[in-house]
Amino acid sequence: MNFIIGAFKPACHISVAFSDAKSRKQVPLKKENGQTVMVPFFRSQENITGKISVEPILGKKVEHNGIKVELLGQIEMYFDKGNFYDFTSLVRELDVPGEIYERKTFPFEFSTVEMPYETYNGVNVRLRYVLKVTISRGYAGSITEYQDFVVRNYSPTPSINNSIKMEVGIEDCLHIEFEYNKSKYHLKDVILGKIYFLLVRIKIKNMDLEIRRRESTGSGPNTHVETETLAKFELMDGAPVRGESIPIRLFLSPYELTPTYRNINNKFSVKYYLNLVLVDEEDRRYFKQQEITMYRLGETS
Amino acid sequence: MMISNGIEDEEKWLAEGIAGIQHNAFYLHRAVDSNNLREALKYSAQLLSELRTSKLSPHKYYELYMRAFDELRRLEMFFKDEDRHGCSIVDLYELVQHAGNVLPRLYLLCTVGSVYIKSKEAPAKDVLKDLVEMCRAVQNPIRGLFLRSYLAQVSRDKLPDIGSEYEGEGDTVMDAVEFVLQNFTEMNKLWVRMQHQGPVREKEKLEKERSELRDLVGKNLHVLSQIEGVDLEIYRDAVLPRVLEQVFPDEYHLQTLETLLGACPQLQPTVDLKTVLSQLMERLSNYAASSPELLPEFLQVEAFSKLSNAIGKVIEAQVDMPIVGAITLYVSLLSFTLRVHPDRLDYVDQVLGACVKILSGKAKLEDSKATKQVVALLSAPLDKYDDIVTALTLSNYPRVMDHLDAGTNKIMAMVIIRSIMKNKTFVSTSDKVEVLFELIKGLIKDLEGISTDDLDEEDFNEEQNSVACLMHILYNDDPEEMLKIICTVWKHIMAGGPKRLPFTVPPLVFSALKLVRRLQGQDGDVAGEEVPATPRKIFQLLNQIIESLSVVPAPELALRLYLQCAEGANDCDLEPVAYDFFTQAFVLYEEEIADSKAQVTAIHLIIGTLQRMNVFGVENRDTLTHKATGYSAKLLKKPDQCRAVYACSHLFWVDDQDGIKDGERVLLCLKRSLRIANAAQQMANVTRGSSGPVTLFVEILNKYLYYFEKGNPQITASVIQGLIDLIKTEMQSDSATGGPASDAFFTSTLRYIQFQKQKGGAMGEKYEPIKL
């Protein structure tokens, strides 16, 4: 059987190398097949330059109708799998039609590329950036090669960042007042706060703080919402009495969070919520959910 | 069977817990040996998760805790060695806080915290403060207590005490004290909470568990005592008050009372001694209340006198203490006394006396808080003794009240009255009444400085109504004493002024009349023997009382009361007295009652009362009825005249066995009222061009029917026939004016006659001649 496989082997080997590959930071990216690979990461308006080399299988020639490289920003909805929606598409022609006999290298450059959206791998949606090299051939079909990379964008520290303070309760049963120190957190931030018990008539067993991600895809009647609990952090053990105040200190760094995305290309949104959950001795849950805005703070180092 | 199962189960759970710890400890050791921090944290968190169990009693839990404790020691050593795990202590301090479960997280945090302090990379006080704060997250009593005890344990050698290497750079011994005290306070809270949790049937078991944990809490005090930097001053100013607030076994408090109290006056004025002492007294009284067998203990240590002395000294020592503070202290002492020595009235009085002493130096109280406290002070005995009379024997009670301003005095008076009403306590001697009215004098008369004009009328009415209610509760079975009570009350309310008398006189009058009724029957004017409480005497008093209303003036009220008295006198067979009351009533009617409507009401009252009187001789009765009939005919409006006159007909026909039955004069009255009705009819014709309502005729017809049935020989079927025909023509002549009411009235009257006719028998025969 081996020779059959050999027969379908691509006629050439294509590789993409970024010019600053050594110095550029690499980040892990989870591929479709579940494997995690390290890929370079870029920010919007950076120059993406490098070299593409095409190396025919030894002793063979590659006849082609032209070689091009495309920089694609794509959104893929999972209910519509395999169908990519390109929101960014840039093309560079690398070679005019001809034949390649031996390894040939083509430099390429996309300068100050506008990449407003971040790479995202969600439950129902994926946003990716990819370099696609195409060697067009007439009858034999084109040869393509993909090179993924990740885009992340930094936000400045928000100028207004109020705390979230709220009094909630069930009449004559439970009254609490809680406070989170901010409403906007960066990905490595710490949530500080406290919960003050004004009235406790139920037997509380414990209290958790959950971080929930709400991903909504599509629009109008086709909107699909998926909520995941990314963190479940126990805040309190046991039943408090009236007047007790319980501290909150939750480090966000251990969790795989992304910034809040609002209406990305009219395709999807990702929002984050803090959900305060009180559980009583009969396992009834009392909760209050508050949206928080996540943002990516520029790395100072 | 159940219990033994419970114990077996517990053993099983403990074994499971230990196995869990051992299992994780194995991996933990491996991780530590290979310097793998991440794994070490993971397994230590899992190991500590075994401590999250709720199934073990404190005793067994302790066993489990000790196992975990040993492992934590080992972990601490690993944490200390930065070279091995390659993580700075600051990062480590954050890293352990990533643990999702709170209990393992906090154990790890305390462990790292201890290393952190040792590293001196941050001030010890900051780390300690953070730890003691974060530990709040565990609110379960047992788990919380053990966690905090762990914290106390690991921090013990790292307190910024004097001479310790952690002292300095802003860390003072005060921080150490503060930390220990806070941890201690929180532990105490948790410990106390154990008492209130769980089902009642397990109370005993809980108590046992609680006492097992007591040592854990107590350890803090031990630590505290070892802090060398605590000198007397710090102890006095900071430690003692805080410690005093905490839960010590009560018997301990009781026995050391003297030492404790001795320390108090020496404390700095800034220390809130008031709270400390108040709480102490409250605790002790709760303790005393918990079991009656404890009382001898209190007596033995002379708790009251010690407390009382201490308070006196404290007040003396703290010159600047606001008066409210002093009074608050006395309130606490009083409630202590009431609970511990409810039988010792002299103690209560003593406390009140002490208050008087404080208050006497000052003018009337202006401070609203202090006033409130005084009210609390005065209310306490009332609440305790259902019997207000007890309070009345306290000689200092009114003296304290004297120091209240008029407004509060009133409020207090209301409180007293309400308490009496609530308990239905009968105040039974005139002496007590005297004291009582002295107490509530704010309600009884105008106090200087406050004019009744600016008072809210509703409030005033309510107050006076309360006083009125109160009078009904003054009672003694002995008529003589009762009369004395009435005289005392009278003496007091006389001073009340015209605004109060209308409220206070009626209840007193009725109270006196009640007494009269009690005496009636036993009284026969026993010759020679001086009986002080005779109806005659009471009536004399009543006369005076009612006369007082003339200053108000309230003639209508007075008239009613006179009539009531007349009835009373009637029942006692005292003709002259009754006559006199009637005379008074008539005089009032003539001279004071001018309003026509009031006159109508009054005359009907007079007629009604007079009708029931049977004590009068012919002559007196004639005079009075004559008078009444005369007034009736002189009313302003014709319809009123008519109605009053036909009502007078009853004065001549009393429907009992030996009542007067003067048919002729009845007929005269009725005829007279018919004439008036006629005149009214004509008058209406002239002025309004239509005849007046026939209602009057129908009413008179009904009177005719009444006397007809009662057998008045003067009222015959033909007379009635005539009247019916008259009404019929009147109604036909002008049907428009009849009005539905009088129509219906007439129709149902006729229906009644019809009914009587059909009924047959003697009555039917009587009615037979009447044609409808």
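Predicted model: local features only at pLDDT ≥ 70, side-chain atom pairs only at ≥ 80, totals over all residues.
User: Happy with that. At what angle do the axes of helix α29 and helix α30 of chain B cross?

Analyst: Axes are lines fitted to C-alpha atoms, for helices over the stretch in contact, and angles run from 0 to 180 degrees between N-to-C directions. Helices are DSSP runs (H or I, at least four residues), as are strands (E, at least two), numbered from the N terminus. Here, α29 (residues 555-571) and α30 (residues 575-591) of chain B have axes that come within 8 Å and cross at roughly 165°. Angles under 35 degrees count as roughly parallel, over 145 as roughly antiparallel, 65 to 115 as roughly perpendicular and the rest as oblique. Therefore α29(B) and α30(B) are roughly antiparallel to each other.

User: Which residue classes make up the contact of α29(B) with α30(B)?

Analyst: Contact means heavy atoms within 4.5 Å. Ala, Val, Leu, Ile, Met, Phe, Trp, Tyr, Cys and Pro count as nonpolar, Asp, Glu, Lys and Arg as charged, and the others, Gly among them, as polar. On the α29(B) side the contact residues include Leu559(B) and Tyr562(B), and on the α30(B) side they include Phe581(B) and Leu588(B). By class there are 15 nonpolar, two polar and no charged residues.

User: How do α27 and α28 of chain B cross?

Analyst: The axes of α27 (residues 501-519) and α28 (residues 535-547) of chain B come within 10 Å and cross at roughly 170°, and these helices are therefore roughly antiparallel to each other. Among the residues that meet are Val505(B) and Leu508(B) in α27(B), and Ile538(B) and Phe539(B) in α28(B). The contact divides into 14 nonpolar, no polar and no charged residues.

User: Now the chain interface: how many residues of chain A are in contact with chain B?

Analyst: There are 19 residues of chain A in contact with 24 residues of chain B. Buried area is the accessible area (1.4 Å probe) that two parts lose on being put together, summed over both. For these chains the value is about 1700 Å², and carbon and sulfur atoms give 46% of it. Glu234(A), Asp237(A) and Arg249(A) supply 36% of the area that chain A buries against chain B, more than any other three residues.

User: What does the salt bridge of Asp283(A) and Lys205(A) tie together?

Analyst: The side chains of Asp283(A) and Lys205(A) meet at 2.7 Å, N to O. Asp283(A) lies in the loop between β21 (268-280) and β22 (285-295) of chain A and Lys205(A) in strand β17 (residues 204-217) of chain A, so this pair ties together parts that are 78 residues apart in sequence.

Key. Residues numbered from 1 in each chain as written. Chains lettered and ligands numbered in written order. Heavy atoms only, no water. Salt bridge = Lys/Arg side-chain N within 4 Å of Asp/Glu carboxyl O.
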